Amino acid sequence: MTDRTALIICDMLEDFTAPGAPLEVPDARAIVPAIRERLEQARQDGTPVIYINDAHAPDDSEFSIWPPHAVADSPGAQVIEELAPGPGEHVISKTRYSGFYDTKLDATLQDLGVNHIVLTGVVSNICIMYTAVDAHQRGYRVSVPEDCVAGLDPDDHAFALRQITDVLKFAQT
Ligand code: ZN
């Protein structure tokens with residue numbers, strides 16, 4: 001089967017990337033150029049681009065685990081300017097780690113005829129990994145380019161990439 005690819009950009013939001021932000025991922029700024037390059041390539045090639053963004057209620061139960069972040073419609077929930085969605089690009093809100101949980105991601109991918117996703121953004125051992133697991137369970141092929149994902153902690157980041165390659169058998173390209 002020929003690949004029909006979509007580029008997914010996960011949680012590249014102010015609250016994960018700005019210095020001093022509630023859930024600042026230390027390496028998030030460093031991966032912006034590599035994601036930007038893929039974004040520009042996708043736009044040139046007509047590859048669908050899908051954003052999966054945290055958009056929490058102010059009293060979301062996730063805030064018992066993490067400091068409050070990415071409250072829907074707040075400035076912190078905005079995609080950073082360098083990677084801002086363009087016209088016709090899909091923006092899907094999520095409230096849990098997996099981009100598939102209680103969202104229209106699966107239906108959107110099916111509508112687009114996508115069977116391969118390139119997963120980029122943060123956090124590698126949280127939303128990236130749980131989204132990769134759910135993609136695996138739904139039969140998608142996934143690529144997780146190492147230079148396009150970042151974690152909160154180097155050990156957790158390395159663990160996530162190992163699970164993604166060794167257990168899910170997804171490529172790091
Ligand atoms: Zn969250």
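Colleague: Where is Ala-70 found?
Modeller: In this predicted model, Ala-70 is found in the loop between strand S2 (49-54) and strand S3 (90-94).

Colleague: Why is Ala-70 called buried?
Modeller: Its relative accessible area is 0%. Buried means under 20%, so Ala-70 qualifies.

Colleague: What makes the phi of Ala-70 worth a look?
Modeller: Ala-70 has a positive phi of about 45°, although it is not a glycine. Most residues other than glycine have a negative phi.

Colleague: What about Asp-102: buried or exposed?
Modeller: Exposed. Its relative accessible area is 71%. The cut-off for exposed is over 50%, so Asp-102 passes. Asp-102 is placed in the loop between S3 and helix H3 (105-111). Asp-102 also has a positive phi, of about 60°, and is not a glycine.

Colleague: Why is the peptide bond from Val-122 to Val-123 called cis?
Modeller: Its omega is near -5°. Most peptide bonds are trans. Val-123 has its place in the loop between strand S4 (116-122) and H4.

Colleague: What makes H4 largely enclosed?
Modeller: The count of buried residues. Of the 14 residues of H4, 10 are buried, so the rest of the structure largely encloses this helix. Among the buried ones are Ile-126, Cys-127, Ile-128 and Met-129.

Colleague: How do you know that Asn-125 is buried?
Modeller: Asn-125 has a relative accessible area of 17%. The limit is under 20%, so Asn-125 counts as buried. Asn-125 is found in helix H4.

Colleague: Which residues is Asn-125 in contact with, leaving aside its neighbours within four places in sequence?
Modeller: Tyr-130, Leu-152, Asp-156 and Ala-160. Contact means heavy atoms within 4.5 Å.

Colleague: How does the reach of H4 compare with the span expected at 1.5 Å a residue?
Modeller: Helix H4 (residues 124-137) reaches 18 Å from its first C-alpha to its last. Just after H4, Gly-139 takes a positive phi of about 85°.

Colleague: How do you know whether the radius of gyration of the chain agrees with that of a compact globule?
Modeller: With 173 residues, a compact globule would have a radius of gyration near 16 Å. The chain has 15 Å, which agrees. Buried residues make up 51% of the chain.

Colleague: How many helices and strands does the chain have?
Modeller: It has 5 helices and 6 strands. From the N terminus on, they run β-α-α-β-β-α-β-α-β-β-α.

Definitions and conventions. Residues are numbered from 1 along each chain as its sequence is written. This is a predicted model: local features need pLDDT of at least 70, side-chain atom pairs count only at pLDDT 80 or more; totals for chains, interfaces and linings use all residues. Side-chain values use heavy atoms; hydrogens and water are left out. Helices (H or I, at least four residues) and strands (E, at least two) are DSSP runs, numbered from the N terminus. The expected span of a helix is 1.5 Å times one less than its number of residues. Buried means under 20% relative accessible area, exposed over 50%, partly exposed in between (1.4 Å probe, protein chains only). The radius of gyration is taken over C-alpha atoms; the globule rule is 2.2 Å times the number of residues to the power 0.38.
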